[in-house]
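Me: I've got a new structure to look at. Can you walk me through what's there?

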Amino acid sequence: MTMLRRGVVVAAVTTLALAGLAAPARAEAAGGTPPTRTETDVQVVHSDPVACGDYGVEWNIDLHSVNLTFFDQAGRRVKLVQHITEDNTVRNTVTGLTLPDSPVDFVQTSTFDPETGLRTHIFVVGTSVNVRRGSQHLVDRGPILIDGQTGRILFAVGPHPIRRLIDGSFDIRRALPGFCDILR
């Protein structure tokens with residue numbers, strides 16, 4: 001794909017995503033249910049003692065999310081927009097080498113079928129992983145569109161070495177081998 005064509009595709013996907021974000025605001029202005037705003041803080045550790053063969057990976061995630069939930073005129077959830085910031089670490093379980101995975105900052109927009117309540121798509125823009133060690137830099141960044149039911153990547157631009165390991169799943173532990181090289 002040429003750079004010009006890739007730029008056109010990225011612009012088109014971004015325009016569609018932004019148009020989708022504006023749709024609930026238009027519904028609210030037309031008398032729909034106003035969006036709700038919540039905040040979430042989550043601390044979770046994902047680990048796999050054999051992620052790298054003879055050593056494991058521990059991913060400590062410290063997440064803060066500002067959530068806006070949008071509803072249609074019938075009061076059914078149609079969209080969830082989350083501004084997520086994280087201050088994480090990754091650790092080699094044998095040597096103890098611990099590296100910051102920070103700053104992590106992205107917007108994740110989930111759309112829902114108002115009839116079934118099922119999530120249809122997840123659109124992520126921003127930096128999901130950001131680990132440095134000397135001259136090495138492991139980064140997962142850029143727009144990515146994911147099927148809301150299967151976890152399959154439908155469209156992606158930018159480096160996504162960690163997200164691609166989860167492709168077709170929502171099991172984040174599948175991403176842990178992506179940290180092996182930088183933790184070696």
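Me: What pattern does the protein chain follow, read along the sequence?
Reply: The protein chain reads α-β-β-β-β-β-β-β-β-α-α. Keep in mind that this is a predicted model.

Me: How many helices and strands does that come to?
Reply: The secondary structure comes to three helices and eight strands.

Me: How much of the protein chain counts as buried?
Reply: The chain has 184 residues, and 39% of them count as buried. It exposes about 9800 Å².

Me: Let's go inside. Which residues of the largest nonpolar core touch the most other members?
Reply: W59, V131, F179 and L183 do. The core has 29 residues.

Me: Which elements each supply at least two residues of this core?
Reply: The strands are β2 (57-71), β3 (77-92), β4 (98-112), β5 (119-133), β7 (144-147) and β8 (153-156). The helices are α2 (161-166) and α3 (180-183).

Me: Why would nonpolar side chains sit together like that?
Reply: In soluble globular proteins, nonpolar side chains tend to be buried together.

Me: Back to V131. What does it touch, leaving out residues up to four places away in sequence?
Reply: V131 touches V90, L99, P100, D101, Q136, H137, L138, F179 and I182.

Me: L138 is on that list. Where is it?
Reply: L138 is in strand β6, which covers residues 136-141.

Me: Is L138 buried or exposed?
Reply: L138 is buried, because its relative accessibility is 13% and the cut-off for buried is under 20%.

Me: How far is L138 from D181?
Reply: In sequence, L138 and D181 are 43 residues apart. In space they are 9.3 Å apart, C-alpha to C-alpha.

Me: New topic. How many disulfides are there?
Reply: The count comes to one disulfide. It joins C52 to C180, with an S to S distance of 1.9 Å.

Me: Which parts does that pair tie together?
Reply: C52 lies in the loop between β1 (36-48) and β2, and C180 lies in helix α3. So the pair links parts that are 128 residues apart in sequence.

Me: Why is this disulfide left-handed?
Reply: The torsion about the S-S bond of C52 and C180 is about -95 degrees, so the disulfide is left-handed.

Me: Are the two cysteines buried or exposed?
Reply: C52 has 16% relative accessibility, so it counts as buried. C180 has 8%, so C180 counts as buried too.

Me: Now the largest pocket. How much space lies in it?
Reply: About 720 Å³.

Me: Which lining residues are the closest to its centre?
Reply: E86, F106, Q108, R163 and I172. The lining of the largest pocket has 29 residues.

Me: Which elements give two or more residues to that lining?
Reply: They are β1, β2, β3, β4, β5, β7 and α2. The largest share, five residues, comes from β5.

Me: Last one. Where is the cis peptide bond?
Reply: A cis peptide bond joins S102 and P103, with omega about 0 degrees. P103 is in strand β4.

Conventions. Residues numbered from 1 in each chain as written. Predicted model: local features only at pLDDT ≥ 70, side-chain atom pairs only at ≥ 80, totals over all residues. Heavy atoms only, no water. Helix = DSSP H or I, 4+ residues; strand = E, 2+ residues; numbered from the N terminus. Buried < 20%, exposed > 50% of the residue type's maximum accessible area, 1.4 Å probe, protein only. Core = buried A, V, L, I, M, F, W, Y, C linked by side-chain atoms within 4.5 Å. Contact = heavy atoms within 4.5 Å. Disulfide = S-S within 2.5 Å. Areas by Shrake-Rupley, 256 points an atom, 1.4 Å probe, with all protein chains shown as cover. 1 Å grid on protein atoms, 1.4 Å probe; cavity = no way out; pocket = protein on both sides within 12 Å on 5 of 7 lines; lining within 4 Å. Points joined across faces, edges and corners; volume = space filled by probe spheres on them.
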